[in-house]
Amino acid sequence: MDVGNLIQQAAILALPLLFAITLSEAARGRMAYLLGDKTGMSMGRLSWNPANHVSPVETIIIPMVMYFATNGNFIFGNAKQIPIDYRNLGNSKRNAVWLELSRPLALLAMAWIWLIGLILLQASGITEAFFLGVCRAGVFVCLSLFAFQLLPVPPLAGGRILMFLLPYKYAVSFAKIETWSVWIILLLAIAGVLGPLWLSPITQLSLALLQILSAPLSLLLN
């Protein structure tokens, strides 16, 4: 393990990871507000300021431990959750699906912003490795978390969306998986199937999509 290289890479990943974790939670809170739930607003939790959503353990310590424990191969974290009362969502099933989609869609949007930033830096002739590295890390982190959030295991977005779409009796049974979600995810990661069979394909497809969307800008600047 090259500790020095890991520390250098961690410094590059820190800012994109912080934004990805906290702003995707802020987006989820904003979506809840738009769908009729004012709980987060009443508690002053809808700010786009990342500091309002940082959890010392889930946002900082857990990602650091996972990063160094896996030699930089796997990283995940969470923000301080914004309270949401699903009873305020009106057409609860449809709105609940939109609510859970808001986090992965926010991550996809942030990945696109980082990619555009990278294109602009390169077009401007900026060769500073740190800035280019941060933009590349932003794309990688956001797309990795986007793919991870789509995993059909509650409480991840993919799992909750599936739960809301299932008939009630199946949804109740499926919801019980949440108790074991951490162990399921760890088992998939240890077995070596989480990355190759889920994260990598979705990340690569998502990157291809963003590159297509960014192609007109690249052509314009070249």
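This note goes through the side-chain contacts of the predicted model.

1. Basis. The model is predicted: local features need pLDDT of at least 70 and side-chain atom pairs count only at pLDDT 80 or more, while totals for chains, interfaces and linings use all residues. Residues are numbered from 1 along each chain as its sequence is written, and side-chain values use heavy atoms, with hydrogens and water left out.

2. Four salt bridges are counted (a side-chain nitrogen of Lys or Arg within 4 Å of a carboxyl oxygen of Asp or Glu). One of them joins glutamate 25 and arginine 103, with the closest N and O atoms 2.7 Å apart. Glutamate 25 lies in helix α1 (residues 3-34) and arginine 103 in helix α4 (residues 92-123), 78 residues apart. Helices here are DSSP runs (H or I, at least four residues), numbered from the N terminus. Both glutamate 25 and arginine 103 are buried (under 20% relative accessible area; exposed is over 50%, partly exposed in between; 1.4 Å probe, protein chains only).

3. Other salt bridges. Arginine 160 meets glutamate 178 at 3.6 Å, N to O. Arginine 160 is in helix α6 (residues 157-165), and glutamate 178 is in the loop between α7 (168-175) and α8 (181-190). Arginine 160 is buried at 17%; glutamate 178 is partly exposed at 30%. Aspartate 85 pairs with arginine 87 at 2.9 Å. Arginine 87 is exposed, with a relative accessible area of 72%.

4. Nonpolar core. The largest core has 39 residues, and Leu145 and Phe148 touch the most other members. A core is a set of buried Ala, Val, Leu, Ile, Met, Phe, Trp, Tyr and Cys residues joined through side-chain atoms within 4.5 Å. Helices α1, α4, α5 (129-149) and α9 (194-221) each give two or more residues. The largest share, 12 residues, comes from α5. Beyond four places in sequence, leucine 145 is in contact (heavy atoms within 4.5 Å) with Leu17, Ala20, Ile21, Ile75, Phe76 and Leu107. Another core, of 12 residues, lies apart and includes Leu89, Val97, Leu99 and Ile161.

5. Aromatic pairs. Two are found in the whole structure (ring centres of Phe, Tyr and Trp, its six-membered ring, within 6.5 Å; planes under 30 degrees apart are stacked, over 60 edge-to-face, the rest tilted). Tyrosine 86 and phenylalanine 164 are tilted, at 5.8 Å and 45°. Tyrosine 86 sits in the loop between α3 (56-69) and α4, phenylalanine 164 in helix α6. Tyrosine 86 is partly exposed at 27%, whereas phenylalanine 164 is buried at 19%. Phenylalanine 130 and phenylalanine 131 are edge-to-face, at 5.9 Å and 70°.
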